[in-house]
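The following note sets out several points on side-chain contacts and surface features. Please read it alongside the model.

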Amino acid sequence: QGAHQQLSRLDSELSADGRELARNLESKVRVPVYYYLSKYFGRSDRAERKRKCPSCGKPWLRDEPLHRIFDFLCERCRLLSNVACDVRRVRDSGGSR
């Protein structure tokens with residue numbers, strides 16, 4: 001798999017290893033540790049906002065981005081993500097994609 005797929009797909013080797021490390025760290029420090037799934041490419045702002053957690057399939061869009069970065073958070077699955085970077089760039093520049 002390419003680098004982008006390794007960073008953005010839940011079923012990649014990198015994500016599997018990263019999530020395992022996060023679970024191990026969480027058990028040691030006893031605070032929630034989240035794994036970030038990168039999202040660069042998207043179809044539209046509307047499609048991005050309809051995304052569900054890729055692990056459990058439940059809604060995970062936040063009302064306000066966490067730390068102004070993370071638009072998506074699933075506490076159950078300990079996952080974070082963002083609206084696709086290319087979609088955000090178009091939206092923030094006033095375009096309509």
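**Note on side-chain contacts**

1. The charged end of Arg-78 sits over the ring of Tyr-34, 5.5 Å from the ring centre. A charge is taken to sit over a ring if NZ of Lys or CZ of Arg is within 6 Å of the ring centre and within 35 degrees of the ring normal. Arg-51 likewise lies over a ring face, that of Phe-72, at 4.3 Å from the ring centre.

2. This is a predicted model, in which local features need pLDDT of at least 70 and side-chain atom pairs count only at pLDDT 80 or more, whereas totals for chains, interfaces and linings use all residues. Residues are numbered from 1 along each chain as its sequence is written, and side-chain values use heavy atoms, with hydrogens and water left out.

3. The structure holds 3 aromatic pairs (rings of Phe, Tyr and Trp, the last by its six-membered ring, with centres within 6.5 Å; planes under 30 degrees apart are stacked, over 60 edge-to-face, the rest tilted). One of them joins Tyr-36 and Phe-70 edge-to-face, at 5.7 Å centre to centre and 65° between the planes. Tyr-36 lies in strand 1 (residues 35–36) and Phe-70 in strand 3 (residues 70–74), so this pair ties together parts that are 34 residues apart in sequence. Helices (H or I, at least four residues) and strands (E, at least two) are DSSP runs, numbered from the N terminus.

4. Tyr-36 is partly exposed, at 35% relative accessible area, while Phe-70 is buried at 17% (buried is under 20%, exposed over 50%, partly exposed in between; 1.4 Å probe, protein chains only).

5. Trp-60 and Phe-72 form a tilted aromatic pair, with 5.2 Å centre to centre and 35° between the planes. Trp-60 belongs to the loop between helix 3 (45–49) and strand 2 (61–66) and Phe-72 to strand 3, so the pair ties together parts 12 residues apart in sequence. Trp-60 is buried at 2% relative accessibility, and Phe-72 is buried at 0%.

6. The count of disulfides is 0, a disulfide being a pair of cysteine sulfur atoms within 2.5 Å. Cys-53 is in no disulfide, and the nearest cysteine sulfur, that of Cys-74, is 3.7 Å away. Cys-53 is buried, with a relative accessible area of 3%. Cys-77 is also in no disulfide; for Cys-77 the nearest cysteine sulfur is that of Cys-74, 3.7 Å away. Cys-77 counts as buried at 11% relative accessibility.
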